[in-house]
Amino acid sequence: MHHPSISADLISEHGLTPDEYQKILSILGREPSLEELGVFSVMWSEHCSYKNSRPELRKFPTTGEKVLVKAGEENAGVIDVGDGWAVCFKIESHNHPSAIEPFQGAATGVGGIIRDIFTMGARPAFLLDSLRFGTIEGDSVQARTNRRLLAGVTAGISHYGNCIGVPTIGGEIYFDASYNGNPLVNVFCLGTLRHEQIARGAAKGVGNPVFYVGAETGRDGLAGAAFASRELTEESKADRPAVQVGDPFREKLLLEACLELLASGCVAGIQDMGAAGLTCSTCETASRGGTGVEIDLDLVPKRATDLTPYEILLSESQERMLVIVNEGQEAPVKKIFEKWELPYALIGRVTNDGMMRVRTGKETVVEIPARALADDAPLYSREAAPWTAPAPLDLTSLPCADVQSTLLLLLAHPSIASKHWVWRQYDYMVQNSTVVPPGSDAAVFYLREADKFLAATSDCNAIYCSLDPKEGAKAAVAEAARNLACSGANSIGLTDNLNFGNPHKPESFYQLRAAVEGISEGCRAFDIPVTGGNVSLYNESQHSSIDPTPTVAVVGLIDDRAHITTSYFKEAGDVIFLLGNLGNELGGSHYLLVSQGRKEGLPPRIDFEHEKKINTQLLTLIRSGLVRSAHDCSEGGLAVTLAESCFKKSKEAPLLGASITLGKTGLRPDVALFNETSGRIVFSTSAAKADEVEKLLRDSGAPFYRLGVVTEAPELSIEVDGIKYEWNTPTLHHTWSRALPNMMQVG
Amino acid sequence: MHCAVLQFPGSNCDNDALVALRSFQGITAKLVWHQETSLNGFDAIILPGGFSYGDYLRCGAIARFSPIMKALRQAADEGKLILGICNGFQILCEAGFLPGTLIRNRKLLFRCESVILRVEENETPFTNKCTPGQLLRLRIAHGEGCYTADEKTLKELEEYHQILFRYCDNQGELTTAANPNGSMENIAGICNRQRNIVGLMPHPERACEALLGGTDGRFVFESMLSSFAGKEN
């Protein structure tokens, strides 16, 4: 082992603090080699070790009777869905790579999360994408850059997901200046498996051979995990080599080969090479297995010449797996690799000494106790700035905008406008199981083998989170649960993607802590376990941190296909109800943003008892066959919800209208129509059942309003305190559906 | 009717085709790996959608060299029914089973959506259950589906009634707006002169179940079944 002198500069270039270096010295009992320094650097980065967030993440409720694999145990959590079937899902960010190289950054984000899922023995079933970009309107350099990022990210997701044949069936996209230069790309994948198929990422069985399979190692993605744990700067473009290049065809082969391998019973453990590549997979499998692993870098398949041991260890080349095979079963395993034409090599063995040992031929370059490396990463409790609540909105100082034109402005805002331009680039139907495609409150997917229906949604209103991180995080969970209820589903599990700024900034760290507490509170209230997730810190661009964005993706189960519900009105004559209150909160609303350009006030308060009551009532009605459409009230308030409910499902269906009377509200019209108070659902029922529904709701004690009827005339009319506002639905629809394509056509 | 669904390493609609085929009484179906060399015992062969070999070069350009292609040629010569869907259509063109080629969509973006097809010919084993001019609602999902051919080929396609489906609006009009990828003459699907080989970009296997939003794809498979039954008698 050669020991170049490890200088203070070298340590700091590796993102390690002097204290962390001291810890390394005490673990090793000697000075590290350059390779070892690199290994510690990536394994102890925030991305791999969660050193700044782990104490906070422990607050999540992670248990439940349906939880088969808990958060943090393996690559992804697993939830029982009945009859011996289970689902495995997780969300993960690829923010920094996408900022530098949007197409490959997003593509490899998709590839990475898909690998996490099939590593668990699950067949990937579908994807969701939760995306955030800076503002795209106008002709500024910034807007043009953001449009290029949106186009590139969309194309990257489309390229990878479509080719590998996993449908992208939903997600959400918001636009806000805080993401200028630092877009968020969070990708969710869900896979299905039988209980007995759950695979483990542990190096079990001393003497077992360790195989490398998949793409050859190159210089791409060198130390990407460390790169992702820094702030983005002007110089970040020089980090382009830290962005990996994806090959979805290779991954498709790897996916099929791995599932065949796992079914063969020859595999003792399996781990994908994601962040920190070969380093992380060897050390984690050894650590989980309570064993050691020894590998020889000379045997690793390579696609570049003259790779140094340091580069091989830290490369994040995509589409690679580490497979630990039961000794004596090498032959059938090799046959499967060969069938799928994948490069592979026997690169080492499982040992009994607890060491991660890396050789190049005879020379040992790394020798670190695996458990210490994986489990003894430094932990920091960062300083959280005390938080002061923003001043509540003073309505008297807020002029009432013109209601008529404001609805059009809201529908044209890219965060609210139709995202059809984006999702029609995704093959959302491959696998022939997409029952409700993107565009409704939640996507619905048919698990054919299990004969079960799943719903899935991702949500987070970051404006709320920027004003009140805890309340905003609670709102994200509440909205996700409500979206699932609107689709006819019960929530069964949640995965979170915590996107924040630099944790060394006390205000950022406070946001992280508060958001975790908010999500935890929501999960406890709805009894939804957190099954895992991802933390992305250091989301900073030139000017400031991003708005805190604790995105949640929630999965639900629909008992019966007859309960599948979509957000669109179905037929003229149907009666429209509002379940919940009229509300009055304008703080953090899109109305305020669109009409005044302000992000101010207190965001809507979340009352989980009310939320649960509303969801339960809606589900009861759905299960009694009394609901024809259901759409939750969110950005833009009641008026936007009603307008969207009039929009047709297919391009051939006629546009409907609605005639609505709010009666005497005592509210200003802008407050009545655009407030974003939580816990509200607009649903419709057939005329024949309307009285029955009204009686059931009255008996339930849930607040509700019978608002009006669906009309054949394509007009939306809303009467508030005697004043009638009218819009032509084709105009509303045109505004909503053309906004994004029009913006994207500008240079 | 015993169907082979060819499985190239990057096929991703192979299972969809299998499930759809098996929903018909009278059809049995099996996956056949691309390295097989025989299609004996099968009555019809489906080339499913996907990205046969990654298709980074040109869709279907490598698949034509697959070991199974020799057996496919033989099956074609024997008059067996061959249906290429999406990537399958691209492969059939690349391998010379069908004339013309499929290039990048006019707007260069992948498109996944519902389209309406007008049935142009019903005297084929793939459309005999349709009426001429009937509108079918199917889904497309492709980045390279712009059908392109030289003038002579287009003329011959017309002359020999080889154009089976064209993109149209809900009135059956062949408009530019209804053409999702810029295909010449709004062409969505064609057959060979012997009429036993068809390629089309839309996915009939994605429209065989009301649950998933449509059943118009069943016309194609029912036509094949009926033609096969006719031959059997």
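Start by selecting His413(A): leaving aside neighbours within four places in sequence, His413(A) is in contact with Glu137(A), Phe175(A), His590(A), Leu593(A) and Val594(A). Contact here means heavy atoms within 4.5 Å. What you have open is a predicted model, where local features need pLDDT of at least 70 and side-chain atom pairs count only at pLDDT 80 or more, while totals for chains, interfaces and linings use all residues. To find your way, note that residues are numbered from 1 along each chain as its sequence is written, that chains are lettered from A and ligands numbered from 1 in the order in which they are written, and that side-chain values use heavy atoms, with hydrogens and water left out.

**Stop 1: around His413(A)**

Where does His413(A) sit? Look in the loop between helix H15 (403-412) and helix H16 (420-423) of chain A. Helices (H or I, at least four residues) and strands (E, at least two) are DSSP runs, numbered from the N terminus. Is His413(A) buried or exposed? His413(A) is buried, because its relative accessible area is 11%. The cut-offs are these: buried means under 20% relative accessible area, exposed over 50%, and partly exposed in between (1.4 Å probe, protein chains only).

**Stop 2: Ser545(A) in its loop**

Next, select Ser545(A), in the loop between strand S18 (530-536) and strand S19 (549-558) of chain A. Ser545(A) counts as buried because its relative accessibility is 18%. Show the side chains here, and you can find a polar contact of 2.7 Å between Ser545(A) and Glu540(A). A polar contact is a pair of N or O atoms within 3.5 Å; within protein, one must be able to donate a hydrogen and the other to accept it, and residues adjacent in sequence count only if both atoms are side-chain atoms. Not counting residues up to four places away in sequence, Ser545(A) also touches residues including Ser178(A), Gly501(A) and Lys505(A).

**Stop 3: Arg524(A) on a helix**

Move to helix H19 (residues 506-526) of chain A, where you will find Arg524(A). Arg524(A) counts as exposed because its relative accessibility is 52%. Setting aside residues up to four places away in sequence, Arg524(A) touches Lys59(A) and Pro61(A).

**Stop 4: salt bridges**

How many salt bridges does a search of the whole structure find? Over all chains, the search finds 57. A salt bridge is a side-chain nitrogen of Lys or Arg within 4 Å of a carboxyl oxygen of Asp or Glu.

Here are some to visit:

- Lys90(A) and Glu92(A) meet through their side chains in a salt bridge (3.4 Å, N to O). Lys90(A) is buried, with a relative accessible area of 11%.
- Arg288(A) and Glu284(A) form a salt bridge whose closest N and O atoms are 3.5 Å apart. The two are separated by about one helical turn because they are four residues apart in helix H11 (residues 277-289) of chain A. Arg288(A) is partly exposed, at 27% relative accessible area.
- Asp468(A) and Arg605(A) meet in a side-chain salt bridge (3.1 Å, N to O). Asp468(A) lies in the loop between helix H17 (462-467) and helix H18 (469-486) of chain A, and Arg605(A) in the loop between helix H20 (590-596) and helix H21 (608-623) of chain A, so the pair ties together parts that are 137 residues apart in sequence. Asp468(A) is buried, at 4% relative accessible area, whereas Arg605(A) is partly exposed, at 37%.
- Glu294(A), Asp296(A), Asp353(A), Arg357(A), Arg359(A) and Glu367(A) are joined into one network by salt bridges that share partners.

**Stop 5: where chain B meets chain A**

Finally, colour the two chains separately. In this interface, 32 residues of chain B are in contact with 34 residues of chain A. Between the chains there are three salt bridges. Zoom in on Glu113(B) and Arg424(A), whose side chains meet in a salt bridge (3.7 Å, N to O). Which elements of chain B each supply at least two residues of the side that touches chain A? They are helix H1 (14-22), strand S6 (111-119) and strand S7 (135-142). The largest share of that side, five residues, comes from S6(B).
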